[in-house]
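Trainee: I'm new to this structure, and I'd like to learn how to read it. Could you walk me through it?

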Amino acid sequence: MTDRRPGIVHLGIGAFARAHLAWYTQRADGNRWGITAFTGRSPDVAEALSAQGCRYTLVTRAADGDTAEVIDTVVAARPGTDDPAWRRAVASADTTIVTLTVTEQGYRTGSDVPARLVAGLDARRAAGAGRIALVSLDNLTHNGDVLQSAVLDAVDDDGLRDWIGSNVAFPSSMVDRITPATTDADVTSIADLPGALDGDRVPVVTEPFAEWVLEDRFAGIERPAWETAGVRLVEDVTPYEQRKLWLLNGSHSLLAYLGLLLGHETVADAMDDPRCRSAVEQLWDEAAAELPLPDAEVAAARRALVERFANPRIRHTLRQIASGGSEKLPVRIVEVLRRRLDRDPAAGIGPGAATALAAWWLHVTEQSELVSDAGAPGPDSDVHDVLRVVAPDLDTTPVVAAVTAAADRIRTERRGTAAARTEEGAHA
Ligand SMILES: NC(=O)c1ccc[n+]([C@@H]2O[C@H](COP(=O)([O-])OP(=O)(O)OC[C@H]3O[C@@H](n4cnc5c(N)ncnc54)[C@H](O)[C@@H]3O)[C@@H](O)[C@H]2O)c1
Ligand SMILES: O=P(O)(O)OC[C@@H](O)[C@@H](O)[C@H](O)[C@H](O)CO
């Protein structure tokens, strides 16, 4: 039995929530809070976690070695299909926080996430359980506002809409900790690691770095003392989320598409390729020009990213990051470009953004077998089809010319890579 108060309900208990939310909650001083976790789709993680008492090993993987700790903040794990349990958990007076990691798609038209939240909130209103905060931990701009709109769009009862307006807070947050999908090799390799849970089937491997900036919108809502664990509570999360989305996630997407085209498998491999690295630096220069932050802070974030991306022991696969580009590129790349052109229409698209869009175009057309993205244009797409999906307002002659030229350069680099491989093969 746990002595933790089951005050947090989480939807989408994947690797990230277990490396971030659960870890921060374990480190917080004061009352011990627990998480009732629901999977977003497949029940597998809930079943595996339940089979081991919901405890699991968090492996912190630094460039020079691993450390392990057992996380015990998840107090129950349920399949997302268990609707009665979901309603009960959200309606419980113990619960004051609902957190989500449901990917970018979870907020889009066609997702069932908003309706599930509304069902839970309706049960809470009926139970008279009081105020609650819904906290998105997904990589979206103004994720709290996006979540609020998605929830309100799914409500068709005016009384419930009014209740949500008075009783539900939607703080935005910036979350950061590179957490790749756990591999079978990870499961095997932790068996002998001191501090690991015996026989763990669902460990999580993450990097040493962690950051969480959270809007302080919890008036009348109890929450863990996350600030004692290093969480920064702020009035406005905007500059922090822009720093993270435009520098980290933007370059991740660029590395994913360009790196896959040039034959790389992981972020660290791609970062080691001067062609990818110089495109990343160009993209960062373009983002830095639009960021409302002191130069020194941006420079420090860039230095930290070089070190984090180069960690050779974190196998963050480009294929994982490449998924869902049609949802990710508008937020990570196109938003910066739009601001650049608004500020100075003569500036044109920068080389970093042009390379990122060109690489995505070639990814969807020349590597269609790797594409995992329902919103992506098909394998016969031209540059206009690509822009129509991620930047319809930017289908202009200069943008088309720059993206086409960048695509030509990448094709030439690909031919160079293929020729070098053939030659290496001949000499082997
Ligand atoms: N992994 C990271 O490094 C990282 C870092 C920061 C933020 N995030 C955010 O967390 C999200 C999840 O990452 P993860 O590493 O835990 O992935 P994961 O694949 O391990 O887990 C994803 C979870 O989301 C659920 N899900 C996926 N699509 C859904 C949908 N359309 N509707 C409802 N639920 C859905 C899945 O069932 C699963 O429970 C990311 O998309 C991102 O927004 C991840
Ligand atoms: O998790 P996704 O699929 O939204 O994006 C892939 C990565 O860019 C992302 O997970 C980063 O690793 C993460 O945002 C780091 O904090």
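This is a predicted model: local features need pLDDT of at least 70, side-chain atom pairs count only at pLDDT 80 or more; totals for chains, interfaces and linings use all residues.

Trainee: Which domains does the domain assignment of the chain give?

Mentor: Domain bounds come from an automatic or database domain assignment. Here that gives domain 1 (5-236) and domain 2 (239-427). Their centres, taken over C-alpha atoms, are separated by 29 Å.

Trainee: How many residues of domain 1 are in contact with domain 2?

Mentor: Contact is a matter of C-beta atoms, placed from the backbone, lying within 7 Å. By that rule, 18 residues of domain 1 touch 21 residues of domain 2. The domain 1 side splits into eight nonpolar, five polar and five charged. For those classes, Ala, Val, Leu, Ile, Met, Phe, Trp, Tyr, Cys and Pro count as nonpolar, Asp, Glu, Lys and Arg as charged, and the others, Gly among them, as polar.

Trainee: Which residues surround ligand 2?

Mentor: A residue is near a molecule if its C-beta atom, placed from the backbone, lies within 6 Å of it. Around ligand 2 you'll find Asn139, Asp176, Arg177, Ile178, Leu248, Asn249, His252 and Ile321. Both domain 1 (5-236) and domain 2 (239-427) contribute to that shell, so ligand 2 lies between them. Helix α9 (residues 238-261) supplies the largest share, three residues. Helices here are DSSP runs (H or I, at least four residues), numbered from the N terminus.

Trainee: And how many residues surround ligand 1?

Mentor: Ligand 1 has 24 around it, the closest being Gly12, Gly14, Phe16, Gly40 and Asp138. By class, the shell around ligand 1 has nine nonpolar, 12 polar and three charged residues.

Trainee: What describes two packed helices?

Mentor: You give the angle between their axes and the distance between the axes. Axes are lines fitted to C-alpha atoms, for helices over the stretch in contact, and angles run from 0 to 180 degrees between N-to-C directions. Take α9 and helix α15 (residues 351-366): their axes are 8 Å apart, at an angle of about 50°. That makes α9 oblique to α15. Angles under 35 degrees count as roughly parallel, over 145 as roughly antiparallel, 65 to 115 as roughly perpendicular and the rest as oblique. The contact of α9 with α15 has nine nonpolar, three polar and no charged residues.

Trainee: At what angle do helix α4 and helix α5 cross?

Mentor: The axes of helix α4 (residues 83-91) and helix α5 (residues 113-127) cross at roughly 55° and come within 8 Å. In α4, Trp86, Arg87, Val90 and Ala91 make the contact, and their partners in α5 include Arg116 and Leu121.

Methods:
Residues are numbered from 1 along each chain as its sequence is written. Chains are lettered from A and ligands numbered from 1 in the order in which they are written. Helices (H or I, at least four residues) and strands (E, at least two) are DSSP runs, numbered from the N terminus. Two residues are in contact if their C-beta atoms, placed from the backbone, lie within 7 Å.
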